[in-house]
Amino acid sequence: MNTLLIHNATCIATFDHIEPDQGRELKDASLFVRGHRIDWIGPAAELPPALRAEADEVIDARGHLVMPGLVNTHHHMYQSLTRAIPGVQDAELFSWLRGLYPIWAGLTPEMVQVSTQVAMAELLLSGCTTSSDHLYIYPNGVRLEDSIEAAQRIGMRFLATRGSMSVGQSQGGLPPDRVVEKEDAILKDSQRLIETWHDASHGAMVQIALAPCSPFSVSPALMKQSAELARSFTGQGVRLHTHLAENDHDIAYSREKFNRTPAQYAQDVGWLGDDVWHAHCVKLDDEGISLFAASRTGVAHCPCSNMRLASGIAPVRRMVDAGVPVGLGVDGSASNDGAHMVNEARQALLLARVGRALSAPETVNGKTFFGCDLGPAEMTARNALHIATRGGAQVLGRTDIGHLAPGMCADLALFDLRTLGFAGGAVHDPVASLLLCASPQAAYTVVNGRVVVREGRLASVDLGPLLERHNWLASDLAERARQA
């Protein structure tokens with residue numbers, strides 16, 4: 001087994017407690033990795049000499065903050081090809097989708113492969129080590145393997161979701177008929193992918209989840225059958241994912257088509273449970289929060305996308321306080337236009353605070369609070385980082401990532417506290433300054449014990465040629481749509 005020593009870190013923030021502010025934060029500390037697991041962690045002065053001598057590689061972490069690798073719970077990586085595209089820059093969700101579906105219909109396998117690598121490069125450089133991806137459109141021979149193989153090349157821990165759309169415009173759905181699939185084909189491919197790729201073992205680098213896209217693009221029958229299929233793999237941890245309660249139009253569609261709120265609809269089709277997580281949930285009402293909390297159904301909070309599309313402010317504090325598992329997601333690059341996980345955590349922090357300032361008065365323990373009386377306490381930096389690490393691991397059903405302790409997977413991010421953005425902040429609180437002062441790139445990112453970002457540069461791919469090819473494909477995709 002290869003061994004790696006992270007030595008003399010200014011601070012190692014372990015997040016090794018379920019409460020955000022009670023995890024150990026070790027000063028002048030070291031961490032030893034054997035194979036893909038953390039073997040030892042503690043004060044550098046207490047590092048056993050035998051471990052120091054055994055290390056195949058030593059990273060001098062003086063002046064660095066060491067964090068658990070961040071966990072991204074929701075993405076559409078192919079959308080990196082349609083960032084900032086004209087015509088939908090100022091649209092809300094449904095108009096945005098209607099404008100982009102015809103463009104995405106031109107996707108090719110190479111486009112998915114290259115855009116996935118670009119999205120993962122951006123995530124890795126921001127300290128993210130595990131990501132899910134929701135690929136729900138499969139034109140022109142595209143397969144989920146195009147994403148999986150890209151993840152293997154770049155070295156990211158990956159939960160690939162087999163997304164799907166089966167209800168086109170002719171059946172009352174939102175997507176054009178030409179981008180939907182037959183439901184029997186979806187289910188057959190879903191089973192094939194689970195049997196071929198899903199790994200339930202400790203440290204798994206590839207897992208599969210089933211992810212019918214949304215209530216407005218699939219049938220209730222497909223939702224039910226997907227849940228039954230995933231749960232037929234008993235003990236394998238095959239999870240379920242979809243979009244839910246994203247904006248007011250989403251709510252109106254559920255009420256018109258199903259005469260149910262989104263949470264009630266999810267309950268009807270068997271999509272509540274600790275094996276399920278839903279993206280957005282901006283408009284989840286009190287009943288929905290209670291249903292999610294009772295069933296331990298997870299939520300992927302996507303603050304940048306929710307702001308970009310003007311969907312609203314998700315009630316994250318209410319969810320967390322009720323016991324709903326909440327993780328962080330950058331969402332698709334065409335509704336965020338970025339995939340920087342530290343920045344996403346910063347936005348989660350700030351949006352929660354402004355959301356409190358905009359909220360109506362409420363009574364807590366017999367005391368009435370008005371507006372921003374609780375504003376800054378709504379979300380602390382450690383709250384947001386906890387959601388981005390342990391919270392994301394819980395939402396994705398992983399007990400082997402999300403915090404730093406012996407036996408956990410060696411997924412780490414190191415940030416250089418001596419850089420400009422941390423000046424005057426890291427000397428006081430290196431953990432909080434990660435969000436309050438800066439949105440830095442990672443100096444080192446380690447996935448499963450392997451260094452994939454070294455001194456701020458990707459170790460697994462040459463980024464220059466990758467970006468050149470990606471930009472050419474992005475232009476080609478848009479041109480194909482104009483000529484169609």
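Mentor: Helices (H or I, at least four residues) and strands (E, at least two) are DSSP runs, numbered from the N terminus, and by that reading Asp28 is placed in strand S2. This is a predicted model, in which local features need pLDDT of at least 70 and side-chain atom pairs count only at pLDDT 80 or more, while totals for chains, interfaces and linings use all residues. Residues are numbered from 1 along each chain as its sequence is written, and side-chain values use heavy atoms, with hydrogens and water left out.

Trainee: What makes Asp28 count as exposed?

Mentor: Exposed means over 50% relative accessible area, buried means under 20%, and partly exposed lies in between (1.4 Å probe, protein chains only). Asp28 has 54% relative accessibility, so Asp28 counts as exposed.

Trainee: Why is Thr14 called buried?

Mentor: Its relative accessibility is 0%, and therefore Thr14 counts as buried. Thr14 sits in the loop between strand S1 (3-13) and strand S2 (25-34). Leaving out residues up to four places away in sequence, Thr14 is in contact (heavy atoms within 4.5 Å) with Gly23, Arg24, Leu26, Ile41, Pro68, His403 and Leu404.

Trainee: What makes the pairing of the Thr14 and Asp16 side chains a polar contact?

Mentor: A polar contact is a pair of N or O atoms within 3.5 Å, where within protein one must be able to donate a hydrogen and the other to accept it, and where residues adjacent in sequence count only if both atoms are side-chain atoms. The two side chains come to 2.9 Å, and the pair is listed as a polar contact.

Trainee: What makes a space a cavity rather than a pocket?

Mentor: On a 1 Å grid over the protein atoms alone, a cavity is a set of points where a 1.4 Å probe fits but cannot get out, whereas a pocket is an open set with protein on both sides within 12 Å along at least five of seven lines; lining residues have an atom within 4 Å of a point. The whole structure holds 3 cavities of 30 Å³ or more.

Trainee: Which helix gives the largest share of the lining of the largest pocket?

Mentor: That helix is H14, with 8 residues, and helix H11 (316-322) and helix H14 (381-395) each supply at least two. The largest pocket has a volume of about 550 Å³, a volume being the space filled by probe spheres set on grid points, which are joined across faces, edges and corners. Of its 26 lining residues, the closest to the centre are Ile18, His386, Arg390, Gly391 and Gln394.
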